[in-house]
Amino acid sequence: MSAASSFAPVGAVVAVRKRLQRRYGLVVLGLVLLSLAVASLSMSVGDYPLPLADVLRSLLSPFTGHADAANDFIVLGVRLPRVTAGLLSGAAFGLSGIIFQTILRNPLASPDIVGITTGASAAAVLAIIIFKWSGLGVSVMACGGAVLTALLIYGLAWRNGVTPYRLVLIGIGMAALAGAVVSYLFTRARIMEVQEALSWLTGSLNGSTFENLTPLAIALIVLVPLAALLSRSLRTLQMGDDAARALGTRVEFSRLGLILVAVLLAAFATAAVGPVSFVAFIAGPIARRLLGPSGNALLPAALVGGLVTNAADFVAQHMLGRNQLPVGVVTGALGAVFLIYLLAAAHRSGRGG
Amino acid sequence: MTARATSATGLPPAARAGGFVLLALALVVVLALSITVGARPIALSDIWNAVTAFDPAQTNHKIILDLRLPRTLVGLLVGAALGLSGAILQGATRNPLADPGILGINAGATLCVVLGISVFGITQLSGYVWLAFLGAGAAMLVVYLVASLGREGATPVKLALAGAAVTAALTSVTSAILITNVQTLDQIRFWQVGALTGRTTDILLQVAPFILAGIVLALLTSRILDGLALGDDVARGLGLKVQRGRAMVGLAAVILAGAATAAAGPIAFVGLTVPHLARAFTGPNYRWILPYSMLLAPILLLGADIVGRIIVPPGELQVGIVTAALGAPFFIALVRRRKLAEL
Amino acid sequence: MSLKTLAATAFATLLLAVPGAAFAQAWSYVDGSGATVTLDHVPTRIIASQDAAAGLIPLGIRPVGIYADSAIADAKALEGLDLTGIEIIGEAWGEVSVEKAAALKPDLIVAEWWPLENNWSGGKDVSVALRPLAPVTGPIQGSSIVTLIEDYEKLATSLGADLAAPQVVADKAAFGTSLAKFKAAVAAKPNLVAEPVWAGTDGLYVAATNASSELLDFASWGLKLIDPEIADDRGYWETLSWENADKYQPDLILVDNRQKSTMETALAQPTWTSLKAAGAGQVTDWPAYWLRNYAAYAGALDKLTAAIDAADQDLSTE
């Protein structure tokens with residue numbers, strides 16, 4: 001009897017775990033398939049008329065040697081880098097966002113809201129308007145701006161440790177300051193420089209090339225395994241500082257490491273495509289809602305990020321009238337809708353920010 | 001935390017009236033400086049003549065009466081409006097970080113002004129006023145509603161984040177318009193920095209009635225705010241109508257902050273920091289915090305404007321930049337203070 | 001990297017594959033950046049920046065596509081030109097639709113070389129995006145609009161334009177007449193001094209003569225211009241607080257006419273009339289930075305001439 005009664009709960013746990021694992025697998029598979037679907041759509045639709053068969057032929061041309069210069073340029077030189085930029089930057093923003101949200105234990109805290117991307121923006125605008133740089137120089141400045149802002153926020157929020165509350169509020173203060181810098185630079189620049197800076201500030205996949213995606217790709221290769229490694233301690237952090245400390249995690253160290261990874265991800269993504277708003281903000285919560293109570297949302301959040309970015313870019317390019325808008329315009333609108341949903345959902349379940 | 005326990009902070013009650021008089025004197029000095037100091041040196045005798053024996057042919061007289069005087073008065077009203085709206089918002093929400101600027105009104109006002117320029121072809125500052133007013137009010141309402149979702153209501157962090165999020169959302173719509181409309185961009189960039197330059201008498205006359213009405217309404221709320229500071233239940237016990245009180249505060253805040261933004265463009269940090277400065281003198285008593293904020297804010301705003309006028313000759317630095325540069329460090333110091341959340 | 005090579009090779013092949021190319025005459029052009037562009041045929045499918053289009057269209061060279069720095073309706077340079085049938089592939093600085101451009105199958109991109117910025121007009125992003133489609137070339141933006149128009153004439157001729165076409169000849173003749181009248185008007189008012197400005201709510205911007213090709217033209221034709229002591233805004237402008245708007249007293253004010261709001265902003269400032277010329281209504285348009293053809297230039301000169309004729313040349317010294 002006693003053996004049977006202790007066996008039953010174990011069996012239930014195993015069953016639950018299996019169910020959760022299956023759900024995780026389904027979610028990941030679903031996201032991958034959806035991403036592929038959106039990517040195929042983006043690859044086959046455009047102002048340059050190109051039948052699907054030609055798109056496929058061009059995609060395979062590096063292997064088949066069946067080259068058609070004009071088509072290959074559009075498929076391999078324009079659309080493929082664009083889709084790749086969306087996937088990579090979206091994944092980086094999504095990862096960065098979910099790490100922030102988990103560490104700060106607040107679904108509203110993401111790098112775009114706590115001021116890190118605004119710091120990157122101010123640095124980039126400085127580069128565009130004052131130094132008259134473009135391309136790589138702007139990216140380097142954006143990256144440096146993001147890291148510097150993050151360090152400043154963390155340093156200023158430090159007072160016998162860092163509370164999420166202080167971190168978020170100081171981040172917002174820094175964002176307002178960086179915003180004032182941008183406003184000022186806008187009044188000192190020639191109008192075309194302001195146009196260039198504004199388009200960068202909105203976040204755009206225009207003009208993506210494999211060359212300017214390389215730094216982001218390398219960053220992802222290095223940082224994603226690091227994030228996965230640290231995410232084990234992330235799960236204990238979710239239980240709160242006291243619980244985590246009781247479990248023996250060196251709280252401050254893990255937190256710092258993860259924040260650094262998240263900041264770098266946001267920095268490299270911002271450098272590549274500009275501060276595409278709200279992707280970091282919405283990817284995590286969407287992934288969590290898809291997964292339910294089960295485990296590690298890092299990979300799903302990254303997939304959601306890439307999916308959302310490419311879907312938004314498709315809408316911005318092809319579904320908003322004659323003008324092709326930068327992707328950031330659509331993600332911004334999307335984020336507002338999602339925010340209200342999030343707060344309404346928090347109302348129902350009683351879990352507020 | 002009761003009113004009695006913390007009334008020890010700030011000046012002793014007897015000294016508060018004296019402090020108020022000193023502040024009033026300081027404001028008069030700043031007003032005088034704002035009339036006398038500018039990008040163009042003008043002799044005091046000329047200034048006196050401009051007032052007593054105005055001669056429209058004299059450029060110096062025109063500058064005093066048509067530029068510096070309206071600019072100074074707009075600064076006075078905008079400052080008072082920002083300081084008061086910050087103070088009553090912080091009181092009504094019991095949130096030390098409530099600030100009209102952080103609550104999304106700037107983004108709302110900017111979007112409406114951008115629409116006005118691009119859709120209706122409005123080109124002059126005085127034409128922006130109504131639009132900015134409308135946008136500011138609407139945005140603030142949305143932020144408050146969004147932040148109020150959820151069980152604990154509008155907590156400090158939720159308000160701030162909802163403000164930042166709504167700001168980002170509105171900004172993306174604004175960007176969508178500006179990216180394809182360079183003429184609008186060229187105009188809006190000088191407005192959205194926040195400035196008192198070019199604010200002439202017609203702008204003063206447009207916003208003055210609103211700000212004056214808002215000031216009266218705000219000062220009337222001090223009893224409600226003192227009650228709310230004790231908690232809603234205690235306030236009800238004291239016979240206060242809590243809901244009606246909050247609505248009145250909200251209305252006053254929207255009028256004040258909306259009119260201020262309409263007149264000067266987005267100006268950050270003044271509404272946020274001044275009430276805290278006032279509290280340092282007065283302790284937690286809104287009967288004093290409100291008048292103190294009303295005097296301190298224009299002193300700071302006009303002071304920042306004067307600094308901006310002389311720091312980069314022969315041009316000027318906009319007041320919005322100066323207040324951001326001074327306000328951000330203060331804000332950060334404020335956040336670092338331990339007991340901030342308990343207001 | 002391999003992709004880049006692939007694309008480059010691919011495009012070389014594409015260019016060779018253009019029908020009839022093998023029989024066409026080779027074409028080459030030394031552009032404003034000093035580089036020589038060589039093609040094995042005379043390009044016929046041209047994508048032009050808004051300024052280049054404004055230079056080429058009146059000479060009879062119609063591009064297949066135009067990218068502008070703003071909405072086409074706001075592009076001052078293109079005002080009055082017939083753009084029917086020309087695809088608009090960009091309406092913001094630094095933005096261009098590569099797909100639309102590629103669909104046009106261009107064989108040449110014409111822009112202007114800006115020596116001060118070391119860049120092509122439209123922004124680096126645009127020239128980088130379009131370069132894989134066709135070579136980017138064009139005249140240099142130098143010290144004279146007349147020279148620039150002559151550069152466009154050379155380019156257009158090499159592209160097959162007929163400069164003896166009646167409309168082209170008439171435009172040039174009209175410009176000659178307008179110029180003669182302008183010079184005469186200037187000579188008749190030797191004391192007249194003009195001040196080119198842009199008006200913002202934050203201040204009055206006085207233009208540096210050296211930073212504007214048409215101002216250099218006016219100066220070379222005898223018009224006296226106020227040249228700011230310090231062009232603090234990176235060589236283009238001196239920014240004057242509205243309190244100091246009367247730092248210089250001209251007899252004639254030229255207001256940047258790229259946007260109509262500039263004049264309205266100026267008129268709304270109480271100290272605008274501290275400039276005696278403003279008070280006396282001696283104010284006219286400055287066709288700032290956008291003139292690219294004889295017809296537009298003639299119109300602008302006629303307007304200036306009328307303003308000079310009507311002006312009191314001793315206003316500022318009275």
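**Close-up views of two interfaces**

**View 1. Domain layout of chain C.** In this predicted model, chain C is divided into domain 1, covering residues 2-163, and domain 2, covering residues 168-313. Taken over C-alpha atoms, the centres of domain 1 of chain C and domain 2 of chain C are separated by 31 Å. The contact between these domains draws 24 residues from domain 1 of chain C and 18 residues from domain 2 of chain C.

**View 2. Buried surface between the domains of chain C.** Between them, domain 1 of chain C and domain 2 of chain C bury about 1800 Å², with 59% of this area lying on carbon and sulfur atoms. Within domain 1 of chain C, the residues that lose the most area to domain 2 of chain C are Lys76(C), Ile145(C) and Ile149(C), which together account for 35% of what that side buries.

**View 3. Polar and charged pairs between the domains of chain C.** Three salt bridges are found across the interface of domain 1 of chain C and domain 2 of chain C, and Asp51(C) forms a salt bridge with Arg292(C) in which the closest N and O atoms are 3.5 Å apart. Across the interface of these two domains there are also eight residue pairs in polar contact, both residues being at pLDDT 80 or more. On the side of domain 1 of chain C that touches domain 2 of chain C, the elements giving two or more residues are α2 (50-56) and α5 (145-158) of chain C, and the largest share, seven residues, comes from α5(C). By class, that side of domain 1 of chain C holds 12 nonpolar, five polar and seven charged residues.

**View 4. Buried surface between chain A and chain C.** The contact between the chains takes 29 residues from chain A and 32 residues from chain C, and the area buried between them is about 2700 Å², to which carbon and sulfur atoms contribute 53%. Phe73(A), Arg188(A) and Arg190(A) supply 23% of the area that chain A buries against chain C, more than any other three residues.

**View 5. Polar and charged pairs between chain A and chain C.** One salt bridge is counted between chain A and chain C: Arg79(A) pairs with Glu99(C), and their closest N and O atoms lie 2.6 Å apart. The count of residue pairs in polar contact between chain A and chain C, with both residues at pLDDT 80 or more, is 10. On the side of chain A that touches chain C, at least two residues each come from α3 (69-103), α6 (164-188), α7 (191-202) and α8 (210-237) of chain A, with α3(A) giving the largest share, seven residues. This side of chain A has 12 nonpolar, eight polar and nine charged residues.

Technical notes
Residues numbered from 1 in each chain as written. Chains lettered and ligands numbered in written order. Predicted model: local features only at pLDDT ≥ 70, side-chain atom pairs only at ≥ 80, totals over all residues. Heavy atoms only, no water. Contact = heavy atoms within 4.5 Å. Buried area = accessible area lost by both parts, 1.4 Å probe. Salt bridge = Lys/Arg side-chain N within 4 Å of Asp/Glu carboxyl O. Polar contact = N/O pair within 3.5 Å; in protein donor to acceptor, adjacent residues only side chain to side chain. Helix = DSSP H or I, 4+ residues; strand = E, 2+ residues; numbered from the N terminus. Nonpolar A, V, L, I, M, F, W, Y, C, P; charged D, E, K, R; others polar. Domains from an automatic or database assignment.
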